[in-house]
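Visitor: Please show me the structure. I would like to ask about it piece by piece.

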Amino acid sequence: MRRATGYGRRATVRSRSLLPVAVATVVALAACHRENRHFTAPPGTELSPPQQSMSGLVAGGESVEFRKQQGKEYEGNAYHMGEGKRLFQWFNCSGCHANGGGGSGPALMDDRWIYGGEIDEIYLTIVQGRPNGMPAFGGKIPSQQIWQLAAYVRSMGGHGPKSARPGRDDHMQRDSEQGRRDQPINPAAPPSSTD
Amino acid sequence: MHSIGEAMGVHAQHIDALWHAMLWVCGIMYVLVLGFLGLAILRRGRRRDEREVVHAQDERGLSMTLVAWTGLIVAGLFGLTLFSYFTDRALVQAASQPQINLKITGYQWWWQVEYVDPDPSRSVKTANEIHLPVGAQVSATLASQDVIHSFWVPNLHGKQDLIPGRDNDIRLQPTQAGTYLGICAEFCGLQHSKMHLDVIVESQEAYNAWYERQLQSAPPPTEPLAQRGQQVFMSSACNMCHAISGTDASASVGPDLSHVASRRSLAAGALPNDADSLFAWISNPQAIKPGSRMPIVPLSEHDLEALTAYLRTLQ
């Protein structure tokens, strides 16, 4: 009897000492897809979003599913966002938007989105262009690269998992810990007239 | 293409001489040390049963030998130090009056080569190849656009790193005509191994002819297929990154394609430069050089053929 108890205690001690290892393994496994490099877009992720999602109102159904899938593929992936960051310089987005702080184009690191701040809405803004100076890049930049750009633009405002967002910028950067974290984005509210 | 062991430039010849001197000095010393060691082991084995008696005469002989041995070591080391010092001086002094000024920029994963002329209209930009006349003194500024690369043409000189944010300098002076291989000698990412560069050393006349051709734009395409290819190039993603002189395409983040058909290889040594490889490269660069900055541009088969036909005219 005593012997059996002794064994039991020893087994408990051993499983307790294994617990941190198990937890660490699970945590480490979660990071496995952080930098999965898809050099060719996996099927379905290079598509254009449904056009009606241009408005801030989402009718639900397909476009929400699509948005979630694109967000997962591009925003949860450090490689794609790193590529987006490089393309942001290559295609001279910073010429108008600076490094997200805004210049002759609007700032991208705040929470004001004139044409919607979801990844598929930003995609469409880049593809179609917008009034007052944003050129249309559809047909000029392959779609996978536009998704990468869109994911990077969103990351400027602190959206997407922090573990995957590009860190260590040389230029100004939004401190996302002070801002809102991954809350649903509201379209820009009209300035209130009651202050 | 020459074997990389042959010294075909002034700098490489100095380094080669130093290397051979070190090989001989160190080799002779190595053989001597091992010889004495073997001798000692043999003598010890023969005398195992005898009593160890050291005579005064033996001792004098031993100290003489030791003094000579120390002298030999000092002379060898001093000689090598001196040789290395003079080699260093010679390397710095060689090609001190450059006639050709280059700017070589490392990209992931290709080389941009610019011939810098005081007259900007006589400057030339190309990729993954350097043409030089025999005997010319060349100064090259080395820069990097992204990560650390290293410029290494073993036939001409040792390695020199390309560091982002600072300019390094390397001097070259080829002494014999030929085609020499250059590589990136600092791990720089996924396609580090496919980052080659050709150095083509030729006669002054051949070099001048090449240079004049680089200054000209390729003639506009005359064949209908190639003309269609030019339209595809100008209206799709190609001209967002590449430049072709004499056309509207003038972006500078990818290799300059003004004379792409005249180069020996495609994609920095990844493929031979022929129509089939070019077609394969444009249709799926990621299959040939995964991770390459060149994206897959969705184009129809006909457009791809037209584009290939157009790019092949850029001699």
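**Where two chains meet**

Guide: Contact here stands for heavy atoms within 4.5 Å. By that rule, 14 residues of chain A are in contact with 17 residues of chain B. This is a predicted model, where local features need pLDDT of at least 70, side-chain atom pairs count only at pLDDT 80 or more, and totals for chains, interfaces and linings use all residues. Residues are numbered from 1 along each chain as written, chains are lettered from A in the order written, and side-chain values use heavy atoms, without hydrogens and water.

Visitor: How much area do chain A and chain B bury between them?

Guide: The size of an interface is often given as the accessible area lost when the parts come together. Buried area is that loss, found with a 1.4 Å probe and summed over both parts. Carbon and sulfur atoms hold 68% of it here. The total for chain A and chain B is about 1,300 Å².

Visitor: Which residues of chain A lose the most area to chain B?

Guide: Three residues lead on that side. Together they make up 48% of what the side of chain A buries. They are Phe39(A), Trp90(A) and Lys140(A).

Visitor: Which helix gives the most to the side of chain A that touches chain B?

Guide: Helices are DSSP runs of H or I, at least four residues long, and strands are runs of E, at least two, both numbered from the N terminus. The leading helix spans residues 78-90 and gives four residues. It is helix H3 of chain A.

Visitor: Is Trp90(A) buried, partly exposed or exposed?

Guide: Trp90(A) is found in helix H3 of chain A. Buried means under 20% relative accessible area and exposed over 50%, with partly exposed in between (1.4 Å probe, protein chains only). Trp90(A) has 23% relative accessibility, so it counts as partly exposed.

Visitor: Which residues does Trp90(A) touch?

Guide: Residues up to four places away in sequence are not counted. That leaves Cys241(B), Val253(B) and Arg293(B).

Visitor: How many bridges join S9(B) to strand S10 of chain B?

Guide: Two strands pair if DSSP finds at least two bridges between them. S9(B) and S10 run antiparallel. One bridge links Ile183(B) with His196(B) in S10(B). The number of bridges is six.

Notes: Buried area = accessible area lost by both parts, 1.4 Å probe.
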